[in-house]
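I opened my notebook to look up a few things in this structure, one after another. The entries below keep to the order in which I worked.

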Amino acid sequence: MNKNHYFCEITGKQTYEKLTDITVAFPEAEKICSPGQFLHILCGGNSFLRRPISICDVSKNSLRFIFEIRGEGTKALAEKGVGDIVDMLAPLGHGFDLSPKDENVVAVGGGIGCFPLLYAAKRCGSVKAILGFRNKAAVYGKFVDDFRKVCEVTLMTDDGTAGENGFTPQGLEKMLENGEKIDKIITCGPSVMMEKIISTAEKYSIPCLASFEERMGCGTGTCLCCSTKINGKMRCVCKDGPVFEFCGQNK
Ligand SMILES: Cc1cc2nc3c(=O)[nH]c(=O)nc-3n(C[C@H](O)[C@H](O)[C@H](O)COP(=O)(O)OP(=O)(O)OC[C@H]3O[C@@H](n4cnc5c(N)ncnc54)[C@H](O)[C@@H]3O)c2cc1C
């Protein structure tokens with residue numbers, strides 16, 4: 001059996017709107033999982049293809065992931081409950097290279113892209129977060145509270161129904177215009193949002209680590225289904241990413 005293949009028992013489950021927040025028993029989690037890496041999950045239902053879901057957080061013996069119900073796979077996965085087993089390949093991909101030496105980091109997340117940033121924020125020496133959601137109903141309060149235990153969070157919504165009114169790139173620009181020292185940006189979210197964050201990082205010459213989402217097949221770089229042009233080169237998002245560096249030394 002592949003050494004990355006795990007069958008993990010669900011030990012906790014919460015739901016909010018279309019989101020499912022799952023914790024599974026995973027004794028090696030802290031030792032082998034890096035922030036930004038993902039799980040490739042056999043969701044059940046009629047689909048034999050696995051679905052990629054980011055690692056949201058890890059603790060000594062467990063691993064947490066949060067996902068939105070989009071289609072057949074995530075719908076079937078959301079039906080699992082405490083005591084059920086999740087079949088997953090884990091951890092896959094190249095995550096955020098971060099350490100306690102990373103100071104003045106800003107984590108910018110949009111929608112489901114906020115979830116991988118929690119564990120990433122815990123790895124940094126000092127960090128602030130800007131988390132954006134469509135509207136008040138889309139804000140998963142428990143997750144935002146968990147993030148606030150790690151660092152200062154600016155909450156933003158597109159329509160201003162919770163937190164500050166506006167989009168996360170505006171929040172980042174505001175921090176920079178106010179003269180805040182930012183040494184690194186980490187980001188995950190919709191592609192339009194990430195394009196703006198990366199272009200701001202380039203404008204101010206700040207290294208930026210961005211996590212990309214592409215539809216995936218194998219998750220291990222064999223089927224090339226998630227190949228896409230990043231930094232001018234064709235890259236496999238599942239194997240070379242999902243996190244890529246911009247404005248840094250390893251372009
Ligand atoms: C590296 C990575 C990490 C991810 N982490 C998370 C996470 O932490 N939480 C979370 O909720 N989701 C995450 N996703 C997205 C998640 O994989 C998809 O939502 C899921 O595969 C949809 O499967 P499904 O069977 O439910 O829907 P499908 O029936 O396959 O599709 C339903 C709808 O979702 C869209 N869709 C499917 N896959 C993607 C995708 N990869 N990106 C954008 N749109 C997609 C389709 O176009 C369609 O409109 C991640 C994706 C990647 C690549």
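I began with Tyr140, which is buried at a relative accessible area of 4%, and with Tyr16, which is partly exposed at 24%. Here buried means under 20% relative accessible area, exposed means over 50%, and partly exposed lies in between, with a 1.4 Å probe and protein chains only. I noted that this is a predicted model, in which local features need pLDDT of at least 70 and side-chain atom pairs count only at pLDDT 80 or more, while totals for chains, interfaces and linings use all residues. Residues are numbered from 1 along each chain as its sequence is written, and side-chain values use heavy atoms, with hydrogens and water left out.

Next I looked up aromatic pairs, taking rings of Phe, Tyr and Trp (its six-membered ring) as paired if their centres lie within 6.5 Å, with planes under 30 degrees apart counted as stacked, over 60 as edge-to-face and the rest as tilted. By this rule I count seven aromatic pairs. The rings of Tyr16 and Tyr140 are stacked, because their centres are 5.6 Å apart and their planes are at 15°. This pair links distant parts of the chain, for Tyr16 is in strand E1 (residues 5-16) and Tyr140 in the loop between strand E9 (127-133) and helix H4 (141-148), 124 residues apart. Helices (H or I, at least four residues) and strands (E, at least two) are DSSP runs, numbered from the N terminus.

I then turned to Phe143 and Phe147, an edge-to-face pair at 5.6 Å centre to centre with 80° between the planes. Both lie in helix H4, four residues apart, which is about one turn of the helix, and both Phe143 and Phe147 are buried. Together with Phe115, Phe143 and Phe147 form one aromatic cluster.

My next entry concerns the ligand: which residues come nearest to it? Of the 18 residues around the ligand, these are Arg51, Pro52, Gly73, Thr74 and Arg215, where a residue counts as near if one of its heavy atoms lies within 4 Å. I found a backbone N or O atom of Pro52 at 2.6 Å from an oxygen atom of the ligand, and a polar backbone atom of Glu68 at 2.8 Å from a ligand oxygen atom. A polar side-chain atom of Glu213 lies 3.5 Å from a nitrogen atom of the ligand. Taken alone the ligand exposes 860 Å², and the protein buries 79% of that (accessible areas by the Shrake-Rupley method with a 1.4 Å probe). Strand E4 (51-54), strand E6 (62-68) and helix H2 (72-78) are the elements that give two or more residues to the shell around the ligand, and E4 gives the most, with four residues.

Last, I searched for disulfides, meaning pairs of cysteine sulfur atoms within 2.5 Å, and the whole structure has zero. Cys223 is partly exposed, with a relative accessible area of 41%. Cys238 is also in no disulfide, the nearest cysteine sulfur, that of Cys226, being 3.6 Å away; at 1% relative accessibility, Cys238 counts as buried.

Technical notes:
A polar contact is a pair of N or O atoms within 3.5 Å; within protein, one must be able to donate a hydrogen and the other to accept it, and residues adjacent in sequence count only if both atoms are side-chain atoms.
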